[in-house]
Amino acid sequence: MRYFAAVARERNFTRAAESLHIAQPPLSRQIQLLEEELGVTLIVRKSRPIRLTDAGRLFYEQAMQVLGRVDQMKDATRRVGMNRNRLLSIGFVASTLYGGLPVLVRKLRRHAPELDIQLLELLSIQQIPALKEGRIDVGFGRLKQSDPNIASTVLREERLVAALPEGTPLAASDAPLPLSAIGGQKLIVYPKEPRPSYADQVLSLLQDAEIHPGDVLEVREIQTALGLVAAESGICIIPSSARQMRSDVRYRVIDSPRAVSPVILSHRAGDGSHHLGLIKTLIHDMYAENPAWLAANNLRPPL
């Protein structure tokens, strides 16, 4: 992959070989083997300078991301191995980025500068095995679980809002939206997989209230869901704090005490580490300040 990236960057086998400090024939052979493995041509060799095929451009873009991640992994591993930094991995669902997670991480960096904090986007259901396998140390999700090896605390219950296409009848008012108004509407839910997930929370909320939407469209992530709402492809129910994501759709708070989604802190059971204790203390202090985003997005006070 590094050999291909060098050729793609230099647009010349000779210069690429010189930058890699190898001879040109083995470099050419490695690129040929890569193309044979993929079953596609990556480089048009007859042109001067050489150029990438469409497949080659795609592979180059993906290769640079992978290689960058590999370099980050190597650097983090060296720092931990040399005892210069302790690695703390935090898993999170995307919607928590629009609540208190960024504030918490900034406070954590100030109070524990020795930590090398790694943030990994993981769905709630993915955080449980990640915690048990040691891939993350703390998780912020929205799905309640009963695994005895994982301790979970509901930090707060966040309001749910309906994201509505501008110019549609439901978007004509700013008043709280009755849950019954969702009936018959085309509904966009996320994530599509794996399940159970936040999508099931939304569908269960409607099912328990005996409200039946029209078509249900499942998409992979909240960004896609809101983009489809903007394109007038349906409506979507999202956590209140995620209203910051797009300004070209209308939002109405859902008028139901059950229309909430928990924000849950999870960690390995029995973890008594100093840094976990610090995280809990910072969260408590942050909620005690009652910031505007917290008051605006919660139906009930933090637990």
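Which residue just after α1 takes a positive phi? The model is a predicted one, in which local features need pLDDT of at least 70 and side-chain atom pairs count only at pLDDT 80 or more, while totals for chains, interfaces and linings use all residues. Residues are numbered from 1 along each chain as its sequence is written, and side-chain values use heavy atoms, with hydrogens and water left out.

The residue in question is Arg11, whose phi is about 60°. Within helix α1 (residues 2-10), Phe4, Ala5, Ala6, Val7 and Ala8 are buried, where buried means under 20% relative accessible area, exposed over 50%, and partly exposed in between, for a 1.4 Å probe and protein chains only. Glu10 is partly exposed at 24% relative accessibility, and its side chain meets that of Arg15 in a salt bridge of 3.6 Å, N to O; a salt bridge is a side-chain nitrogen of Lys or Arg within 4 Å of a carboxyl oxygen of Asp or Glu. Arg15 is likewise partly exposed, at 40%.

By this rule the structure holds 16 salt bridges. In one of them, the closest N and O atoms of Asp147 and Lys132 are 2.8 Å apart. Asp147 lies in the loop between β5 (138-141) and β6, whereas Lys132 belongs to helix α6, so this pair ties together parts that are 15 residues apart in sequence. Another salt bridge joins Glu193 to Arg220 with a closest N to O distance of 3.2 Å, and this pair links the loop between β8 and α7, which holds Glu193, to the loop between β9 (216-218) and α8, which holds Arg220, 27 residues away. Of these two residues, Glu193 is partly exposed at 46%, and Arg220 is exposed at 56%.

Strand β10 (residues 235-239) is largely enclosed by the rest of the structure, because five of its five residues are buried. Two strands count as paired if DSSP finds at least two bridges between them. Strand β6 (residues 150-165) pairs with β10 in the antiparallel sense over four bridges, and Ala163 has Cys236 as its bridge partner in β10. Strand β8 (residues 187-189) runs parallel to β10 and is joined to it by two bridges, with Ile235 as the partner of Leu187.

What space is left inside? A search of the whole structure finds two cavities of 30 Å³ or more, a cavity being a set of points on a 1 Å grid over the protein atoms alone where a 1.4 Å probe fits but cannot get out, whereas a pocket is an open set with protein on both sides within 12 Å along at least five of seven lines, and lining residues have an atom within 4 Å of a point. The largest cavity contains about 100 Å³ of space, and its lining includes Gly99, Phe140, Arg156 and Tyr287. The largest share of that lining, three residues, comes from α9. The largest pocket has a volume of about 290 Å³ and is lined by 23 residues, with Val93, Ala94, Leu123, Tyr190 and Pro191 lying nearest its centre. Helix α6 gives the largest share of the pocket lining, three residues.

Terms used:
Grid points are joined across faces, edges and corners, and a volume is the space filled by probe spheres set on the points.
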